[in-house]
Amino acid sequence: MNKGGLNLPFSYMWKIGDIEINGKVILAPMAGFTSTGYRTFMKKFGVDVSYSEMVSDMGLIYGNEETLTYLRSTKEERPLGIQLFGSDPENIVKAAKIVEDVTNNFDFFDINAGCPVNKVTKSGAGSSLLRNPTVLADIVKALKQNTKKPVTVKIRLGWDNSHINFMEVIKLLEEAKVDAIAIHARTTKELYSGTPHYDLLKDLQSKMSVPLIISGNIFTFDDAINALEVTGAKAVMVARGSLGNPILIKQIHTYFETGERIPNASLDEQKEYCLELARHLINEKGEDTAMRIYRSIAPKFFAGFKDSKPLRCKLAQNMSTYQYLEDTLKEYNP
Ligand SMILES: Cc1cc2nc3c(=O)[nH]c(=O)nc-3n(C[C@H](O)[C@H](O)[C@H](O)COP(=O)(O)O)c2cc1C
């Protein structure tokens, strides 16, 4: 089967450092969502690589209890990257050593150089590092000298439209011996809206010496194919597109493995997935916390289904127990 420039299906192996990756679908880091429960649930759909939520270097150094919970993981999720954010090479190294003391159940470190949130950028971390790429490269060099694990970085195109500098950043990171680079095809100022600028990333992989991972508006199977075709990236990162639509991961993964196109999930399957993810999160966080968080996730499973608005409102506003979720889903039979 041939689709555009990609010869499909094919079995596919690439590497992050010495870690073999046997597929093209990555579950993106999403603070507030991609905790261990979420990642474990998603894994069975065919996630090839997972990332933790971003973890503050200073949070680890100060022993903040909540920060430490971000390091929880299960064996099933691997290969797994722990994503750190910070702005000082020494502190990042200290934080990485703490991670290694706390857990061995992960495979590589990732540095966040893409977060646009003011709380993060004002300290020079996240996408602020794109304005200071030599510091970002120093962070990678320091980490490489102090850990045996591979080190990757997640960046954006640049700070804003007048400061698109991803090529300069990529070159500095390659010189610093980074093991892979993920790029979200937007600027910091664009946050998460608008069309990602894949036009700027044409054949980017061929201009790089390390694996490229591509991110930005991957909501459908065709979005994934297009992003891979345009950029030549080794893998595609699914972020918001996975929320309430886990089958998307399976659709992409299976297509690259066998060429088969899997249909969208039925309503019954969506109900089942919604309940299963709730159980994972309850297992991880306890029912009260899990169901509070789940108010922003559960409704997404039913967007697009007939007359689902009242259901989605109920889940978003009133849900505080698993029993409520189960009963409410039973009542919905359009
Ligand atoms: C709620 C939310 C939280 C995010 N948290 C992180 C994070 O912790 N680290 C990171 O590198 N990117 C984070 N991102 C960015 C995503 O990984 C991804 O690059 C971005 O959402 C673009 O992909 P999409 O348009 O397919 O959603 C987050 C995005 C969202 C929507």
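Two residues are in contact if their C-beta atoms, placed from the backbone, lie within 7 Å. This is a predicted model: local features need pLDDT of at least 70, side-chain atom pairs count only at pLDDT 80 or more, and totals for chains, interfaces and linings use all residues. Residue numbers start from 1 along each chain as its sequence is written.

**Exercise 1.** Locate Ser87 and find its contacts beyond four places in sequence.

Step 1. Ser87 sits in the loop between β8 (80–85) and α4 (89–102); helices (H or I, at least four residues) and strands (E, at least two) are DSSP runs, numbered from the N terminus.

Step 2. Skip neighbours within four places in sequence: Ser87 then touches Ser123, Gly124, Ala125, Ser128, Leu129 and Val135.

Step 3. Count C-beta atoms. A residue is buried if 20 or more others lie within 10 Å of its own, exposed if 12 or fewer, and partly exposed in between. Ser87 has 21 such neighbours, so it is buried.

**Exercise 2.** Sort the buried and exposed residues of α11 (287–294) by side.

Step 1. Ala290, Met291 and Tyr294 are the buried ones. They share one side of α11, because they cover an arc of only 90° around the axis, taken from the directions from the helix axis to the C-beta atoms.

Step 2. Asp288, Thr289 and Arg292 are exposed on the other side.

Step 3. Find the packing partners. The buried residues pack against α10 (267–285) and α13 (322–331).
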